[in-house]
Amino acid sequence: MNEEPMNPENEAEQPATRAERRRQEAEHAHEIEEAVVAALETEPVPSEAVSAPVGGAPVAAAAATATATKTAAPAEATPGEEEPASNRVLREIMNGPVVLSFLAVLIAFIIGGIMIALTNDEVQETAGYFFAQPGDFFGAVWTAVSGAYGSLFQGAVYNFGKDDFATGIRPLTDTLTYATPLIAAGLGVGLAFRVGLFNIGGRGQMLVAAAAAGWVGFSFPMPMWIHLPVAILAGLAAGAIWGGIVGFLKARTGAHEVILTIMLNYIAFYLISFMLRTPGLLQAPGSVNPKSPAILESAVLPLILGPNYKLHLGFIIVAVATAGVWWLLNRSSTGFRFRAVGTNPNAALVAGVNVKNTYVWAMALAGGLVGLAGVMQILGTTPDGMTSGIDAGIGFDAITVALLGRSRPWGIFAAGILFGAFKAGGFAMQASEGVSVDIVGVVQSLIVLFIAAPPLIRAIFFIPAPDGKLTRRPLRRNSKAVSA
C-alpha cells in the first residue's frame with residue numbers, strides 16, 4: 001500500500017496532535033461511562049451491557065448505553081392495557097348516583113352508631129374493665145346500637161310491639177306525613193339546581209305561601225270543592241311570586257340569587273311576624289298571641305286513611321307534583337331549556353335560549369313548589385293556626401333532600417321519605433332508648449357531607465374513579481443516557 005509522504009513541517013506537530021486526540025477520546029469515554037452508571041441506577045440492564053468495555057472504545061460504550069436505553073423503552077412506550085368490559089361495567093355501576101348515595105347513608109349510619117355507643121352509659125362502664133372482660137364491652141356496644149336503630153325503625157316504619165297490623169303500620173304513615181313538605185320543598189330546590197341556581201330562600205317562600213293559603217282558608221267560607229283548591233292555589237301563587245322576585249332581580253340586575261334568597265327569608269319572617277301580631281291582618285280576633293285563626297274545615301286537607309292516622313291528601317298531591325316535575329324536566333321543551341341553561345348558560349344563549357327569562361320562570365316554579373310545602377303545613381299538618389315557626393326548618397332541610405336526591409325528582413321523592421323517617425323515628429329512639437334526637441341530625445349532616453364528596457366515598461370503599469384506566473406507571477428516564 002502506498003503511504004502518503006509525510007510533510008516535514010507537520011512531522012514535529014504529529015505527536016502532540018495524537019496525544020490531544022487520545023485525551024479527548026478518554027474524556028468522551030469517561031462521560032459515556034458516567035451516563036451508563038446513571039442509567040444502571042434507574043433501569044435494569046442486561047449483563048452483556050454492563051460488561052461491555054467502556055474504556056477501550058467509545059463505540060462499545062455507546063452500544064452499552066443504547067442497550068440500556070432500549071431495555072427501558074418498551075416499558076415506557078407500552079400503551080394502557082385494554083380494560084375488560086366487566087370491569088368497566090362494574091366501575092360505572094359503583095360510581096352511579098344510587099350506589100354512591102347508598103354508601104353515603106351507610107357510612108353515616110356507621111359513624112352515628114359509633115356516636116351512640118360512645119354516649120351510652122353502659123358502654124362507658126364496661127370500657128373501664130375492657131381488658132378483663134372484652135365481651136361485656138362489645139355486648140354493650142351491640143345492645144346500644146341495635147336498640148337505638150331498632151327503635152328508629154319501629155318509630156318510622158313498623159312497630160312490632162303492637163297487636164294488630166293497623167296499629168303497627170301507623171309509624172309509616174307518620175313518616176309519609178313528615179316527608180310530604182320535605183318532598184315538595186326539595187322539588188323546588190332541586191329544580192333551581194338543575195337551572196344552575198341556588199334556592200336558599202325556602203323559609204321565606206314557605207312562610208308567604210302558608211300565610212296566603214291560611215288567610216284564604218280562615219277568611220272565606222266556601223264549599224270544600226271550591227275552598228280547598230282556591231286556598232292551595234293562593235299559596236302556590238304567593239310562593240311563585242316570592243321566588244320570581246329573585247329570578248327577576250337576577251335577570252335584570254345580575255344580583256346573586258344566594259344573597260337575594262337569604263335576604264328575602266328575613267323579609268318574609270319579619271313581615272309575617274308583624275302580620276301575626278297585628279289585629280285585622282293574620283292575628284286571630286280577640287287574641288294577643290302571634291297566631292292566626294284555625295283553618296275552616298272546608299279548607300283542611302282530608303285524611304286519607306281515616307282519623308286514626310295523620311296522613312292527609314297532601315302526600316298524593318306531592319306525588320303528582322313529583323311526576324309533573326319529572327315530565328317537565330325530561331319530556332318538555334321548557335325542561336330542555338332549563339337543563340341547557342343549567343349546563344352552560346353561554347352555550348344556551350348562543351343556541352337561542354332566552355337565559356334571563358329562563359331564570360325568572362325557573363325561580364317562579366321553584367318558589368311555587370317550595371310554597372306547596374308551606375301549604376301542606378298550614379292546611380294539613382297544623383290546621384289549628386299559623387305561627388312564624390310553621391316552616392319548622394323544612395326550607396333548609398330541603399337543600400339536604402335535594403342534594404341526596406341528586407336534584408332528580410324521584411330521587412328527591414325517595415330522599416324526602418328517608419328524612420321523614422328520620423324525623424318520625426328520632427322521637428321514638430329518644431323515648432325508648434334515651435338516645436338524643438340530635439344524633440339523627442348528625443347522621444343527616446354526615447349524609448350531606450358524604451354526598452357532596454364522592455371522592456371521599458370512593459377512598460373509603462376503594463372504588464376506582466369513573467375515568468380510571470388500567471395503565472402502567474411510567475418509568476423515569478435519564479437525560480444523560482438519552483443524550484448520549
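**View 1. Lining of the second largest pocket in the predicted model.** By class, the lining of the second largest pocket holds nine nonpolar, three polar and two charged residues (Ala, Val, Leu, Ile, Met, Phe, Trp, Tyr, Cys and Pro count as nonpolar, Asp, Glu, Lys and Arg as charged, and the others, Gly among them, as polar). Of the 14 lining residues, V98, S101, F102, L404 and A414 lie nearest the centre of this pocket, whose volume is about 310 Å³. Helix α6 (97-118) and helix α19 each supply at least two residues of the lining, and α6 provides the largest share, with six residues. A pocket is an open set of points on a 1 Å grid over the protein atoms alone where a 1.4 Å probe fits, with protein on both sides within 12 Å along at least five of seven lines, and lining residues have an atom within 4 Å of a point; a volume is the space filled by probe spheres set on the points, which are joined across faces, edges and corners. The model is predicted, so that local features need pLDDT of at least 70 and side-chain atom pairs count only at pLDDT 80 or more, whereas totals for chains, interfaces and linings use all residues. Residues are numbered from 1 along each chain as its sequence is written, and side-chain values use heavy atoms, with hydrogens and water left out.

**View 2. The largest pocket.** The space in the largest pocket amounts to about 440 Å³, and among its 25 lining residues Y178, Q377, T381, A392 and K423 lie nearest the centre. Two or more lining residues come from each of α10, α17 (355-381), α19 (409-433) and α20 (438-451), with α10 giving the most, five residues.

**View 3. Asp174 in helix α10.** D174 is placed in helix α10 (residues 170-194), where helices are DSSP runs (H or I) of at least four residues, numbered from the N terminus.

**View 4. Salt bridge between D397 and K423.** The side chains of D397 and K423 meet in a salt bridge (3.6 Å, N to O). Because D397 lies in helix α18 and K423 in helix α19, the pair ties together parts that are 26 residues apart in sequence.

Key. Salt bridge = Lys/Arg side-chain N within 4 Å of Asp/Glu carboxyl O.
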